[in-house]
Amino acid sequence: MDAINMDNWEKKSAEHQKQYRQYLQRADKQKTLKLLPRLHEEAFEQINCLQCANCCKNYSPRFKTPDIKRISKHLKLKESVFIDTYLRLDEDGDYVVKNSPCPFLGEGNYCSIYEQRPSDCHRFPYTDEDVLLKRPAITLKNSSFCPAVHYVLEKLLHILAKNSL
């Protein structure tokens, strides 16, 4: 498959938001879902999250009840203390980290609770699942700060362009 040039990816992603939106609205869901696992794998052969960590530096995952229970136990904190120390309720009523960057982001962009991290972190950037299509607003937002999402969307646009010739 053709390589995607990842130089200045943030600028390219900003310039291609309209094309991404149109693709996500019109995509053949079945064909796209079949492509995602391969494109996801390909993206992470090119991109090292430890060199980026934009997600951890600028945004917060949702901390669902099972996440809170698991992480507070791991940190040997009462759930209420964990919540009071690290989390706040956002406008959607979800628990998110109080501050950016994430308090669990450590030296070298390593996550200090990686094995216990929230399910949103484990699944991010959703480039191998139907969330990419089902939640286009999230996908577009993610493409602005995650090079893997940008990569997958660029590949999908490239495949679409090739197939429409």
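This is a predicted model: local features need pLDDT of at least 70, side-chain atom pairs count only at pLDDT 80 or more; totals for chains, interfaces and linings use all residues.

Me: How many helices and strands does the secondary structure of the protein chain come to?
Reply: From the N terminus on, the elements run α-α-α-α-α-α-α-β-β-α-α-α-α. The secondary structure therefore comes to 11 helices and 2 strands.

Me: What box do the C-alpha atoms of the protein chain fill?
Reply: The box is taken along the principal axes of the chain. Its dimensions are roughly 60 × 30 × 25 Å.

Me: What percentage of the residues in the protein chain is buried?
Reply: A residue counts as buried when its relative accessible area is under 20%. The chain has 165 residues, and the share of buried ones is 40%.

Me: Among contacts between residues at least 6 apart in sequence, what percentage joins residues at least 24 apart?
Reply: Contact here means heavy atoms within 4.5 Å. Of the contacts in the chain between residues at least 6 apart in sequence, the share that joins residues at least 24 apart is 69%.

Me: How do the residues of the contact of H2 with H11 divide into nonpolar, polar and charged?
Reply: H2 contributes Gln19, Tyr20, Tyr23 and Leu24, which meet His150, Leu153, Glu154, Leu156, Leu157 and Leu160 of H11. The residues of this contact divide into 7 nonpolar, 2 polar and 1 charged.

Me: Which residues does Thr32 touch, not counting residues up to four places away in sequence?
Reply: Thr32 is found in helix H3 (residues 29-46). With a relative accessible area of 1%, Thr32 is buried. Setting aside residues up to four places away in sequence, Thr32 touches Tyr23, Ala27, Leu133 and Leu156.

Me: Is the aromatic pair of Phe82 and Phe104 stacked or edge-to-face?
Reply: The structure holds 7 aromatic pairs. In the pair of Phe82 and Phe104, the centres are 6.2 Å apart and the planes are at 20 degrees. Planes under 30 degrees apart count as stacked. The pair is therefore stacked.

Me: How many residues apart in sequence are the parts that the pair of Phe82 and Phe104 ties together?
Reply: Phe82 is buried at 0% relative accessibility, and Phe104 is buried with a relative accessible area of 4%. Phe82 belongs to helix H7 (residues 79-86), whereas Phe104 lies in the loop between E2 and H8. The pair thus ties together parts whose separation in sequence is 22 residues.

Me: Is the pair of Phe124 and Tyr126 stacked or edge-to-face?
Reply: Both residues of this pair, Phe124 and Tyr126, are buried. Their ring centres are 5.8 Å apart, and their planes stand at 75 degrees. Planes over 60 degrees apart count as edge-to-face. The pair is therefore edge-to-face.

Me: Which residues do ring pairs link into a cluster with Phe124 and Tyr126?
Reply: Tyr126 lies in the loop between H8 and H9. Ring pairs link Phe124 and Tyr126 into a cluster with Tyr59 and Phe145.

Me: Where is Pro125, and is the peptide bond from Phe124 to Pro125 cis or trans?
Reply: Most residues other than glycine have a negative phi, and most peptide bonds are trans. Pro125 is in the loop between H8 and helix H9 (131-134). The omega of the bond from Phe124 to Pro125 is near 10 degrees, and this bond is cis.

Me: What is the phi of Asn109?
Reply: Asn109 lies in the loop between E2 and H8. Asn109 counts as buried, at 18% relative accessibility. Its phi is positive although Asn109 is a residue other than glycine, and the value is near 65 degrees.

Me: How far apart in space are Cys111 and Cys56, C-alpha to C-alpha?
Reply: Cys111 is placed in the loop between E2 and H8. Its relative accessible area is 29%, so Cys111 is partly exposed. Cys111 and Cys56 are 55 residues apart in sequence, and their C-alpha to C-alpha distance is 8.7 Å.

How values were computed. Residues are numbered from 1 along each chain as its sequence is written. Side-chain values use heavy atoms; hydrogens and water are left out. Helices (H or I, at least four residues) and strands (E, at least two) are DSSP runs, numbered from the N terminus. Buried means under 20% relative accessible area, exposed over 50%, partly exposed in between (1.4 Å probe, protein chains only). Ala, Val, Leu, Ile, Met, Phe, Trp, Tyr, Cys and Pro count as nonpolar, Asp, Glu, Lys and Arg as charged, and the others, Gly among them, as polar. Rings of Phe, Tyr and Trp (its six-membered ring) pair if their centres lie within 6.5 Å; planes under 30 degrees apart count as stacked, over 60 as edge-to-face and the rest as tilted.
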